[in-house]
Amino acid sequence: MRILIKNIKTLVQVDDGSRLKVCGADMQLLPCLDNAWVAIEGGLIADYGRMDDFPGVSDWDRLTVIDATGKCVFPSWCDSHTHLVFAGSREGEFADRLKGLSYEQIALRGGGILNSAGKLRNASEEELIQSALLRLNEIMFQGTGAVEIKSGYGLTLESELKMLRVIKKLKAVSSLTIKATFLGAHAVPLEYKNNKNKYIDLIVHEMLPRIADEKLAEYCDVFCEKNYFSKSETIRILEAGINVGLKTKVHAEQMSNSGGVEAGVHCKAISVDHLEYVEGKDIDLLKYSDTMPVVLPGAQFFLQLPNPPVRQMIDSGLPVAIASDFNPGSSPTGNMNLMQSLACILYRMTPEEVINASTLNTAYAMELSATHGSIAVGKKANIFITQEIPGYSFLSYAFGSNLIETVILNGEIKNRKNQLWKD
Ligand code: NIG
Ligand code: FE
């Protein structure tokens, strides 16, 4: 399909494709073109420019032309942290928390992640695929074009493999670009409560080799937290992942300062995520690493945790990325636009910063920034067109509205009806 989008009010986040991430004060800079056009061919961005310099088209018959007068065009959001394969839901725990129980208390009585693990064990691969496709379909029309999905509600060899095979199937049938992460170390199953090392042995000696053999994941992640996995346990698991060819990610400093950033930087993690309890020592370590700090405002807001020190991180020159953490326990939405509004309101990030944080920086956190995250010639044509809006800041301002009118993935216009599958 060849597409020309013309008369674009503002073409947002344009570059030459050489920027892999945006750091510190540069996060305030959002390169845009007003009164622009963009051309798409063969699933890629073929060219773009200002209407004043539009070179013209020779064979109009093979071309779909979209007039975007008054509308903005963005590169699709990249969401680098989700758990969007799950069975059932946990609104009962939500109600319990409203009555005063903490996330920790619910987890200690066998709820939380273990609740979802119990539900997932009883679900078939087909059921998990169908429910995940509905979620992928929902986030696709909220502007997401690339997403990372974690396992971690299996917690047995069979169930973890089941989750990862589901993600593999989703990669094959969905229009979104998908990366898979193995998160066997998401919680300690009840049967290993008094013998955590035995569960870690299972991860290291049985789960990781099988996952590597079947090529089921790109990354290995660990929930480094009190009552979950310590810093040294995290390093042991991540190093075992590295040994079988998986790069690393960490759920770090979400509920306490537990050494997750230290473990992540030690293992050259692609990203460390959450960061509510990050300290100055962690920021110093991150400054001399290639690890992307990712904040998850949905989970932080939903669990009413303290704000991560985002301004301090950006002022220290760090990049910051924003992801949804879509999961049934701490962030039951994958709406990246809402994440950006929350980050503006709660962390005082600017609209320019949250757009950089949700495009190039989350693409970096999935090792996709060479092909995703900006409007650049040769990058994948994953873009969306808004309704008529006053300007790009309107998206993070108008929280709660979906202002996206047209979604294009892999150079194809997506139809809101019946888009569960690729074509
Ligand atoms: O990222 N922090 C750990 N894991 C998830 C929550 C998972 C759950 O409660 O089901 C998170 O917030
Ligand atoms: Fe998470």
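Trainee: What makes helix H12 largely enclosed by the rest of the structure?
Mentor: Buried means under 20% relative accessible area, exposed over 50%, and partly exposed in between, with a 1.4 Å probe and protein chains only. In H12, 9 of the 12 residues are buried, so the helix is largely enclosed. Among them are Met-336, Leu-342 and Tyr-347. This is a predicted model, where local features need pLDDT of at least 70, side-chain atom pairs count only at pLDDT 80 or more, and totals for chains, interfaces and linings use all residues. Residues are numbered from 1 along each chain as its sequence is written, chains are lettered from A and ligands numbered from 1 in the order in which they are written, and side-chain values use heavy atoms, with hydrogens and water left out.

Trainee: How do you know that the span of H12 agrees with its number of residues?
Mentor: The expected span is 1.5 Å times one less than the number of residues. For the 12 residues of H12 (336-347) that should give 16 Å, and the end C-alpha atoms are 16 Å apart, so the two agree. Helices are DSSP runs of H or I with at least four residues, strands are runs of E with at least two, and both are numbered from the N terminus.

Trainee: Why is Asn-335 said to cap the N-terminal end of H12?
Mentor: A polar contact is a pair of N or O atoms within 3.5 Å; within protein, one must be able to donate a hydrogen and the other to accept it, and residues adjacent in sequence count only if both atoms are side-chain atoms. A side-chain oxygen of Asn-335 lies 3.0 Å from the backbone nitrogen of Asn-337. Just after H12, Arg-348 takes a positive phi of about 60 degrees.

Trainee: Why is Ser-174 called buried?
Mentor: Its relative accessible area is 5%, so Ser-174 falls under the 20% limit. Ser-174 is found in the loop between helix H5 (157-173) and strand E8. A polar atom of its side chain lies 3.0 Å from the backbone nitrogen of Leu-176.

Trainee: What makes E6 and E13 edge strands?
Mentor: Strand E6 (77-79) and strand E13 (321-322) each pair on one side only. Two strands pair if DSSP finds at least two bridges between them. Strand E12 (292-295) and E13 have 2 bridges, in the parallel sense.
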